[in-house]
Amino acid sequence: MVNQVEIIKQVNDQEVMDSRDVAKMIGKTHAHLMRDIDRYINDMEHDPKLDSAQFFIESSYIDPNKRDRPCYLLTKQGCEFVANKLTGKKGTIFTATYVGLFNEYQAEHNGKTVAIDSGLEHEKLAYKREWLIEMRKQNVNKAHELRNQDVKLYLELGKVADDYQRPRMATDFRNEAIRAMSALPVGARREYSATEIGNIIGVSPIAIGKWANKLGVKRDADMSYRDRDGAWRYFPEALKVFQDNALEIQDDDLGL
C-alpha cells in the first residue's frame, strides 16, 4: 500500500496536494471540485490582497486515454480554504486528514522529529475515530442501496412475468424480492422506508417525511440517510422517535 504521505508533492518550494486526491477525500467528483475551485479563484480576483496562486496552482495530468486534462495543486492554505467550505463531519475529517498529511510530509522530508503535544494527539485520534465511523457507515449504506436495487429488480421482473401470464415465475421473482429485503448486509442495521414506518404507526408516508424534518431525524446521520434515488431511509433509532411521537403525528395527519 502506498504511504499516504506520498499524496503530498513538492512544487516551487511548496507542499501541495493534487485536486484529484482532495476530491476523493471529500467525496466529490473531480469535475465538481474543479468547478468549485474555479469559482473560488474568480472570487479572489476581486480582492487585490488575495493571490489565488497561494492557494491553488494550475496543473494538468494525462488521463487513461492519453489526453491532457486540467487539475489544481492545493497548498496547505488551499486545503484549508476547501475545508472551510465543508460542513459537519466531512469538514472535520478532511481537516484532520490534510493537516496530518502535511505534518507527516514535513517531518519526513525535513528529517526532523515533530514534538507531540498530548492534547493534539488525543484530538487527532478522535478525528480518526470519526473518520472510521463515517467510512463504516458509508459502506453499510452502500450495501443497503445494493440490496434495495436487487429488490426493485425482482419486483420489476415479477411485473414482466405477469405481462407474459407466467404466474409461477412471477411468484418466484416476488419471493426473491422478499428474501433480498429480509437479508441485511453483515454488520448492517434494519432500515425502513417512510411507507413502512407510516404503516407501523398508522399514518401516511407524507406525514413521516414532514415529521422527520420537525423532529430532526433527517439531520441525524445515525437515524437516517438519503439513498441514490433521493428517498429517505430510516434506522431503528428513528422508528423509536416516530413511535414516541405517534399520537401527535396521527392527529396531525388527520388534521386534528
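User: Is Y40 buried or exposed?

Analyst: Buried means under 20% relative accessible area, exposed over 50%, and partly exposed in between, computed with a 1.4 Å probe on protein chains only. Y40 has a relative accessible area of 6%, so Y40 is buried. F81, at 23%, is partly exposed. Please note that this is a predicted model, in which local features need pLDDT of at least 70 and side-chain atom pairs count only at pLDDT 80 or more, while totals for chains, interfaces and linings use all residues. Residues are numbered from 1 along each chain as its sequence is written, and side-chain values use heavy atoms, with hydrogens and water left out.

User: What kind of aromatic pair do Y40 and F81 form?

Analyst: Rings of Phe, Tyr and Trp (its six-membered ring) pair if their centres lie within 6.5 Å; planes under 30 degrees apart count as stacked, over 60 as edge-to-face and the rest as tilted. The whole structure contains eight aromatic pairs. The pair of Y40 and F81 is tilted, with 5.0 Å from centre to centre and 55 degrees between the planes. Y40 belongs to helix α2 and F81 to helix α3, so this pair ties together parts that are 41 residues apart in sequence. Ring pairs also link Y40, F55, F56 and F81 into a cluster.

User: How many helices and strands are there in the protein chain?

Analyst: Helices (H or I, at least four residues) and strands (E, at least two) are DSSP runs, numbered from the N terminus. The protein chain has ten helices and six strands.

User: In what order do the four strands of the open sheet lie?

Analyst: Strands of a sheet pair through backbone hydrogen bonds, either parallel or antiparallel. Two strands count as paired if DSSP finds at least two bridges between them. Here the order is β1-β2-β4-β3, and the pairing is antiparallel. β1 (8–11) and β3 (56–62) are the edge strands, each pairing on one side only. From one strand to the next, the twist averages 45 degrees.

User: How many bridges join β3 to β4?

Analyst: Seven bridges join these antiparallel strands, β4 spanning residues 68–75. Among them, E58 has Y72 as its bridge partner, and S60 has P70. Five residues lie between the strands of this hairpin, where K66 takes a positive phi near 65 degrees.

User: Which strands does helix α2 touch as it packs on the sheet?

Analyst: Contact means heavy atoms within 4.5 Å. Axes are lines fitted to C-alpha atoms, for helices over the stretch in contact, and angles run from 0 to 180 degrees between N-to-C directions. Helix α2 (residues 30–44) touches β3 and β4, and its direction makes about 60 degrees with that of β4.

User: Which residues touch the most other members of the largest nonpolar core?

Analyst: A nonpolar core is a set of buried Ala, Val, Leu, Ile, Met, Phe, Trp, Tyr and Cys residues joined through side-chain atoms within 4.5 Å. In this core of 24 residues, they are M17, I37, F56, L74, V82 and F94. The elements giving two or more residues to the core are α1, α2, β4, α3 (76–85) and α4 (88–110). Helix α2 provides the largest share, six residues. Leaving aside neighbours within four places in sequence, F56 has contacts that include I37, Y40, L74 and V82. A second, separate core of 17 residues includes I197, I208, A212 and I249.

User: Which residues of helix α8 are buried?

Analyst: In α8 (residues 205–214), they are A207, I208, G209, W211 and A212. These buried residues pack against α7 (194–201), β6 (232–234), α9 (236–244) and α10 (246–253). Just after α8, G216 takes a positive phi of about 80 degrees.

User: Where is A177, and which residues does A177 touch?

Analyst: A177 lies in helix α6 (residues 167–182). Its relative accessibility is 4%, so A177 counts as buried. Not counting residues up to four places away in sequence, A177 touches V151, Y154 and L155.

User: How many disulfides does the structure hold?

Analyst: A disulfide is a covalent bond between the sulfur atoms of two cysteines. The criterion is a pair of cysteine sulfur atoms within 2.5 Å. The structure holds zero disulfides. C71 is buried at 2% relative accessible area, and C79 is buried at 0%.
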